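Here is a friendly briefing to read beside the model. Please have the structure open and follow along as each topic comes up.

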Amino acid sequence: MKDAFGTPQSLLVLGGTSAIGLATARRMIARGVRTVWLAGRPSPALTAAADSLRALGTDVHTVPFDALDTESHEERLGKIFTEGPVDVVLLAFGVLGDQAHDEADPVAAVRVAQTNYTGAVSAGLVCAGALQAQGHGSLVVLSSVAGERARRADFIYGSSKAGLDVFAQGLGDALHGTGAHVMVVRPGSVRSAAAPGRSGPRRSGFATTPEAVATAIELGLRRRSETVWVPGALRMAMSAVRHLPRPLFRLLPV
């Protein structure tokens, strides 16, 4: 439950080893979060992520979660909410795929779509329903600038994020007035020390970092924003890109 100043006290990260998810957790722990759930496939990486957050003095739990196992979502995620209120849910899982490989391998392409869209729809609805039932809380959905317009370089990944973005916007409208809140976050290309240039959409002129995205998420939550761009200049840039004629857009180095 939020404290007297409205500061979130609990956080659920769907995608417990996500660089953005962990950066957000660290930032929110520094601001007062006392309980964190990391949901992800059991692995040494998930265990290490939990240990790193415990070292910051917070209570951390790991939850088995597989985006593709949608039949388990209601039971496994719903159980978290029975143990106490969750103030913020961060939907941070997803896969980039490999565009060239996936075009030639429809099974691989479908896996990208199912992880990034179908799995997110399932988990998002389960958590949104729980937030609505408790009467408060925010669902933060990591979308991507790649979903704003199809690019030759990553249209399979981009299409999955476009679907997720529209879903999250509609879900936010559906929850309006219930006490629950949805915030869509659209980062540019995200760089991390673990995977430079591979932790987000393909390289662009609007690079950012997990820490910068975490900062924007925290600010957006305080403002109760519905859409957050990272960096902020992307909003105007993508407004122009969306309206470029396709023949001209095809000539751009994107």
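In strand E6, Met183 stands opposite Val140. The two strands concerned, E5 (residues 137-142) and E6 (residues 180-187), pair in the parallel sense over six bridges. Please keep in mind that this is a predicted model.

**The sheet**

- Strands of a sheet pair through backbone hydrogen bonds, either parallel or antiparallel.
- In this model, seven strands form an open sheet with parallel pairing, and their order is E3-E2-E1-E4-E5-E6-E7.
- E3 and strand E7 (227-230) are the edge strands, each pairing on one side only.
- From one strand to the next, the twist averages 15 degrees.
- At the E3 end of that order, strand E2 (residues 35-40) runs parallel to strand E3 (residues 59-64), and six bridges join them.
- Within this pair, Thr35 stands opposite Asp59 in E3.

**Helix H5 against helix H6**

- Two packed helices are described by the angle between their axes and the distance between the axes.
- For helix H5 (residues 106-134) and helix H6 (residues 155-175), the angle is about 15 degrees and the axes are 9 Å apart.
- Because angles under 35 degrees count as roughly parallel, H5 is roughly parallel to H6.
- Their crossing is right-handed.
- On the H5 side, the residues in contact include Ala109, Val112, Ala113, Asn116, Tyr117 and Ala120.
- On the H6 side, Ile156, Tyr157, Ser160, Gly163, Leu164 and Phe167 are among those in contact.
- By class, the residues of the contact of H5 with H6 are 14 nonpolar, five polar and no charged.

**Helix H1 against helix H7**

- H1 and H7 pack with their axes 8 Å apart, at an angle of about 55 degrees.
- How are H1 and H7 oriented to each other, given that angle? They are oblique.
- The crossing of H1 and H7 is right-handed.
- H1 contributes Ala19, Ile20, Ala23, Thr24, Arg26, Arg27 and Met28 to the contact.
- H7 contributes Pro210, Glu211, Val213, Ala214, Thr215, Ile217, Glu218 and Leu221.
- Here the contact has nine nonpolar, two polar and four charged residues.

**Backbone features to look at**

- Most residues other than glycine have a negative phi, and most peptide bonds are trans.
- Arg224 is not a glycine, yet has a positive phi of about 55 degrees.
- You will find Arg224 in the loop between helix H7 (210-223) and E7.
- Is the peptide bond from Val230 to Pro231 cis or trans? This bond is cis, with omega near -5 degrees.
- Pro231 itself lies in the loop between E7 and helix H8 (234-242).

Technical notes: Residues numbered from 1 in each chain as written. Predicted model: local features only at pLDDT ≥ 70, side-chain atom pairs only at ≥ 80, totals over all residues. Heavy atoms only, no water. Axes fitted to C-alpha atoms, helices over the stretch in contact; angles between N-to-C directions. Helix = DSSP H or I, 4+ residues; strand = E, 2+ residues; numbered from the N terminus. Parallel < 35°, antiparallel > 145°, perpendicular 65-115°, else oblique. Left-handed = near helix turned anticlockwise from the far one by under 90°. Contact = heavy atoms within 4.5 Å. Nonpolar A, V, L, I, M, F, W, Y, C, P; charged D, E, K, R; others polar. Pairing = 2+ DSSP bridges.
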